[in-house]
Amino acid sequence: MFPRDFAWGAGTAAYQVEGGWQADGKGPSIWDTFCHEKGRVFGDQSGDVACNSYELWEKDLGCIRQLGLTHYRFSLSWSRLLPDGTTKHVNQKGVQYYNKVIDDLLACNVSPMVTLYHFDLPQALQDQGGWKSPSIASLFDSYAKFCFQTFGNRVKLWITINEPYVCAKLGHEDGIHAPGLKEPGVTAYLVGHNMLRAHSMAWHSYNSDYRTAQKGWVSLAINSDWVEPLDTQCKEDSAATERYLAFTLGWFSWPVFVTGDYPEIMRSAVDSESKKQGYNGTSRLPIFSKDEPTVLGTADFFALNYYTSRKVKQGEGRGNVLCMKSDRDAGEVLDPSWPICGVSWLAVVPDGLRKLLKYIKETFNNPAVYITENGFSQVGLLQIEDDQRSKFYKDTILEVGKAINEDGVNVRGYFAWTLLDNFEWADGYSVRFGLYHVDFEDETLNRTIYQSGREYAKIISKHKFSL
Ligand code: GBH
């Protein structure tokens, strides 16, 4: 059912697992700052220690081997490598750490997929305006080139930025992620724009300076729910669904995969609202400069993070409120038949992934696709025999198989989120997404495989060598 060279992976992100927030010369990131402020995160918890993967990497490697993964996705902490964010000072201890991770993986026949940025901007760069500042793009590009130069002889799959949507919206519109800004209707668009520029510069650098020698692939990870009109017969619901898609999946995928610019629906909505609101002549949605290389075509594959689905209904109309939600003007609802057994936003809809994959094939000209994240959480009582989650993985992977075999989608790999229970951002340690349980109460931070981890290992061993 799965191609012979299909990638079977799991993922993590630096801030969620590493700990060692001040170890060996690491500079602080915006998540260090954010967590150390009162009232930001569940129980005022932080990633100061997390799973301590900085010191316990070999335990993680043991888990990776036990699962039989062919690929492991992890992210680099920018400020562990470059403490003030710039290449003026390189922290060699950080370089050594990631060199060991990469070399150990390769020695075990596991291919690394490396994310350059998973939410943890160096605080020193935030102090200069962070993602709001146009100059962040070239700072990111320098960091990216440093990583290609240092690790690219061994890393063949790169993700520049993880989920620009989440960074922009949750970090700068809703204020529930670092840097905790609540500047609705304006800053998220600006941040998203600079993230696209940063990604594009890094891709162009790879393409011109490293691709020939290193022969890797570079993309950005785009999160998207699958959405359908609540009432498929209702024109307004269908139009709202189009708008919803334009403001979520479309925001980052249209520029990169379709036109080099934002979706027309998004452009016209934000432009006309801006005009009404007296933004004299300018739109809150920035414009791509003709003087910079195009963002169109700056992805060698489609990297998709899929978790859940939504039904979309007619919006309530655009009031006078300045925010993205008002620009988007579409309401979301859950289908009562979708189970929710973990964190509240995650309705279990495995076939939504198949539908989304088909949509991606048709809309973006049949790209190679890696599902770079998909997973299911546990909240509350600890359950090592987590049969609901085992079923989730079985059902979802079956849908991926159908997408490949029945819909002809070019899916190259599947990465479960996540290897270990870890620091789940604003939810701290209260939400567990791991294939391994981590005992955060105990200093040893023991890793124990869940039933779902054993199930995933079984699926992998069944398919890994079959054709
Ligand atoms: C991923 O984002 C992240 O890449 C990963 O680091 C994280 O651990 C994983 O999800 C699990 O959450 O709280 O109602 O405001 C997935 C996209 C976007 C899904 C934000 C949850 C929060 C909804 N996420 N969304 S709410």
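Leaving aside neighbours within four places in sequence, W131 is in contact (heavy atoms within 4.5 Å) with W78, Y117, L121, I136, F140, I161, L190, V191, N194, M195 and A198. The model is predicted: local features need pLDDT of at least 70, side-chain atom pairs count only at pLDDT 80 or more, and totals for chains, interfaces and linings use all residues. Residues are numbered from 1 along each chain as its sequence is written, and side-chain values use heavy atoms, with hydrogens and water left out.

**Nonpolar cores**

- A nonpolar core is a set of buried Ala, Val, Leu, Ile, Met, Phe, Trp, Tyr and Cys residues joined through side-chain atoms within 4.5 Å; buried means under 20% relative accessible area, exposed over 50%, and partly exposed in between (1.4 Å probe, protein chains only).
- The largest nonpolar core has 142 residues, and the members that touch the most others are W31, W131 and F140.
- Helix α9 (residues 187-214) supplies the largest share of this core, with ten residues; helices (H or I, at least four residues) and strands (E, at least two) are DSSP runs, numbered from the N terminus.
- Another core lies apart from the largest one and has ten residues, including I159, F301, A303 and Y370.

**Strand β12 and its partners**

- Six of the seven residues of strand β12 (residues 411-417) are buried, so the strand is mostly covered.
- Strand β1 (residues 7-11) pairs with β12 in the parallel sense over five bridges; two strands pair if DSSP finds at least two bridges between them.
- Within that pairing, G9 has F415 of β12 as its bridge partner.
- Strand β10 (residues 369-373) also pairs with β12 in the parallel sense, over three bridges.
- Y370, one of the residues of the ten-residue core, has G413 of β12 as its bridge partner.

**Cysteines**

- A search of the whole structure finds zero disulfides, a disulfide being a pair of cysteine sulfur atoms within 2.5 Å.
- C108 is in no disulfide, and the nearest cysteine sulfur, that of C63, is 12 Å away.
- C108 counts as partly exposed because its relative accessibility is 22%.
- C147 is likewise in no disulfide; the nearest cysteine sulfur belongs to C167 and is 16 Å away.
- C147 counts as buried because its relative accessibility is 0%.

**Cis peptide bonds**

- A178 and P179 are joined by a cis peptide bond with omega of about 5°.
- P179 is placed in the loop between α8 (164-172) and α9.
- W417 and T418 are also joined by a cis peptide bond, with omega of about 15°.
- T418 is found in the loop between β12 and β13 (431-432).

**Positive phi outside glycine**

- N109 is not a glycine, yet its phi is positive, at about 70°.
- The loop between α5 (92-107) and β3 (111-117) holds N109, and N109 counts as exposed because its relative accessibility is 69%.
- L445, a residue other than glycine, has a positive phi near 50°.
- The loop between β14 (436-438) and β15 (447-449) holds L445, and L445 counts as buried because its relative accessibility is 5%.
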